[in-house]
Amino acid sequence: MKKKMIFGLIGPSQSGKSMFITEVVKQLGTNRIRPIKSFTTRRKRNEDEDWIYDFITQEEFKERMEDSDIIQCVKYAGHIYGNSHDSVKSVLKDSHGIIALVEESVFNFRNAGYIVKPIKIIPMYQDVSYVS
């Protein structure tokens, strides 16, 4: 059986990574690809993110760091993000995985033995100030 891979979306904060994950899973179906849940200390932006992130406090983060099951923890945009082997393995046993990552995380996942295909997300629109 071919080893399942992880598609890692890399892009700036609020570039649409979570929206892209949601759309890919809708289009392909959870039998082919599923989101890998990350835990994060950032605030929830909308209800649709509950299946992509576990929102935790700083104290809960410290407790999770004591767990040897952690693949990686990174600080990004002032918040902490992390992943556990259990959350990844539960997805990859039945399907490919998709997740929002930073560049450093790609190396962390690869060093942990996972196949990661990075996909760079580039926002189409930036905040633009118009001069009249």
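Which side chain meets that of Asp94 in a salt bridge? The partner is Arg34, with an N to O distance of 3.9 Å; a salt bridge is taken here as a side-chain nitrogen of Lys or Arg within 4 Å of a carboxyl oxygen of Asp or Glu. This pair links distant parts of the chain, 60 residues apart: Asp94 lies in the loop between helix 3 (85-92) and strand 7 (96-101), and Arg34 lies in strand 2 (residues 33-35). Helices (H or I, at least four residues) and strands (E, at least two) are DSSP runs, numbered from the N terminus. Asp94 is partly exposed, with a relative accessible area of 47%, and Arg34 is partly exposed at 24%; buried means under 20% relative accessible area, exposed over 50%, and partly exposed in between (1.4 Å probe, protein chains only).

The model is predicted: local features need pLDDT of at least 70, side-chain atom pairs count only at pLDDT 80 or more, and totals for chains, interfaces and linings use all residues. Residues are numbered from 1 along each chain as its sequence is written, and side-chain values use heavy atoms, with hydrogens and water left out.

Five salt bridges are found in a search of the whole structure. Among them is the contact between Asp54 and Lys37, at 3.0 Å from N to O. Here too the pair links distant parts of the chain, with Asp54 in strand 4 (residues 53-55) and Lys37 in the loop between strand 2 and strand 3 (38-40), 17 residues apart. Asp54 is partly exposed at 29% relative accessible area, and Lys37 counts as partly exposed at 29%.

Another salt bridge joins Lys26 to Glu23, with the closest N and O atoms 3.4 Å apart. Both residues belong to helix 1 (residues 17-28) and are three residues apart, about one turn of the helix. Lys26 counts as exposed because its relative accessibility is 59%, whereas Glu23, at 35%, counts as partly exposed.

The largest pocket holds about 420 Å³ of space. On a 1 Å grid over the protein atoms alone, a pocket is an open set of points where a 1.4 Å probe fits, with protein on both sides within 12 Å along at least five of seven lines; lining residues have an atom within 4 Å of a point. Its lining comprises 26 residues, with Ser18, Arg42, Arg45, Glu49 and Tyr53 nearest the centre. Helix 1 gives the most to this lining, with four residues.

Conventions: Grid points are joined across faces, edges and corners, and a volume is the space filled by probe spheres set on the points.
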